[in-house]
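Dear colleague,

Please find the structure below, handed over for your review.

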Amino acid sequence: MKILHVVGARPNFMKLAPCHRALVAIGGMEQIVVHTGQHYDDAMSDAFFRDLEIPPPDINLEVGSASHAVQTARIMERFESVVLERRPGWVLAYGDVNSTVAAALVCSKLGVRLAHVEAGLRSGDRSMPEEINRLVTDRLADLLLTPSRDADENLRREGIEEDKIVFVGNVMIDTLLHGLPRARQELMREQLGIADRGYALVTIHRPSNVDASERLTSLMTALGRVAEVMPVVFPIHPRTSGRLTARDRDVLGGVRLLEPLPYHAMLDLIAGARVVITDSGGLQEETTALGIPCLTIRNNTERPVTVTEGTNRLAPDPDVVVRLALEARPNGSARRPEGWDGKAAERIALTLVSRA
Ligand code: UD1
């Protein structure tokens, strides 16, 4: 069987890695990796392929940054000819980025089957570009591979046919469990001189938090206040660093800004943190799997099990972020939701084989 993976942005690469590996293990598959080029900086892309030991992409569409419409259209235009030429049995698309929805549109029009990894997540917030991408991709996909039971319910509620929905669990946790021993060898905490369970780790990059300057400054002020009490480490996404003003850098005070980190270095920092402050999707899951307190700077989450079963709390208000960060204590035990067991990609591979 010929399987074509399409990825484009940083959070896709961690999901591709275990699926690619599981399909190699099954054998008899021809795998093609198409990188759309949505992310192109070494630190946002190539570093992840090396770090996660994914073979370099067979094809790079080199679309780069642009408005959502232009970026999505460019991917569609270039991806269509790849699909026509390669004629895969299945296309695997991951997560909720622009590359995901572009691939779904192309495949559905060409009549090529598309499987969506991480299907069914819903924040209910259509001001989030990712929510639009999730809704459209799931509507068009032929196979919806879900990470949690709430996702199954969301899809049923939207009228998706039952035989298209397959609960497989969370591939991000496959990568996490696989990578933990490697992560500790990175010695990031030692290199940064920060004590185990003694620091806050921050990532912020959502348009809703960084695109309006007042909102960004109020969040940076909150981080500066946390840094008066404990070390704060902030590997910064290019979107966010591009928007920081001199005033923002001033209010950040003692916060330590780092370049975006490769996967295992970041995982080492997550696993050792006292608290993680983030607006990322993946970090909400990783902190739950590791039992690390997480404050999500959003009004909603498409990953509700991280709140109901895990360590996640929604904290959109900067003052609340400061208060909860100072109160945060490791709660010891990590409880992993169903299917967050390191075997999700294996279940995906078996599902694909059964639907060859
Ligand atoms: C994208 C995803 C988001 C995901 C995030 C992870 C969509 C709609 N959004 O957001 O869901 O959480 O990736 O990182 O697909 N840039 C660079 N170098 C790069 C990539 C981006 O400098 O390699 C800068 C550019 O200025 C670009 C901006 O970051 O305009 C935003 O990049 P883009 O791919 O549009 O969205 P992200 O914010 O990265």
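An oxygen atom of the ligand lies 2.7 Å from an N or O atom in the side chain of R239, a polar contact (a pair of N or O atoms within 3.5 Å). For H237, the corresponding distance from a ligand oxygen atom to a side-chain N or O atom is 2.9 Å. A ligand oxygen atom is also 2.8 Å from a polar backbone atom of N98. Taken alone, the ligand exposes 740 Å², of which the protein buries 85% (Shrake-Rupley areas, 1.4 Å probe).

The ligand is surrounded by 21 residues, the closest being Q38, H39, E130, H205 and R239; a residue counts if one of its heavy atoms lies within 4 Å.

L352 touches M1, I3, L23, W90, L92, A115 and L143, leaving aside residues up to four places away in sequence; contact means heavy atoms within 4.5 Å.

The model is predicted: local features need pLDDT of at least 70, side-chain atom pairs count only at pLDDT 80 or more, and totals for chains, interfaces and linings use all residues. Residues are numbered from 1 along each chain as its sequence is written, and side-chain values use heavy atoms, without hydrogens and water.

Yours sincerely

Key
Polar contact = N/O pair within 3.5 Å; in protein donor to acceptor, adjacent residues only side chain to side chain.
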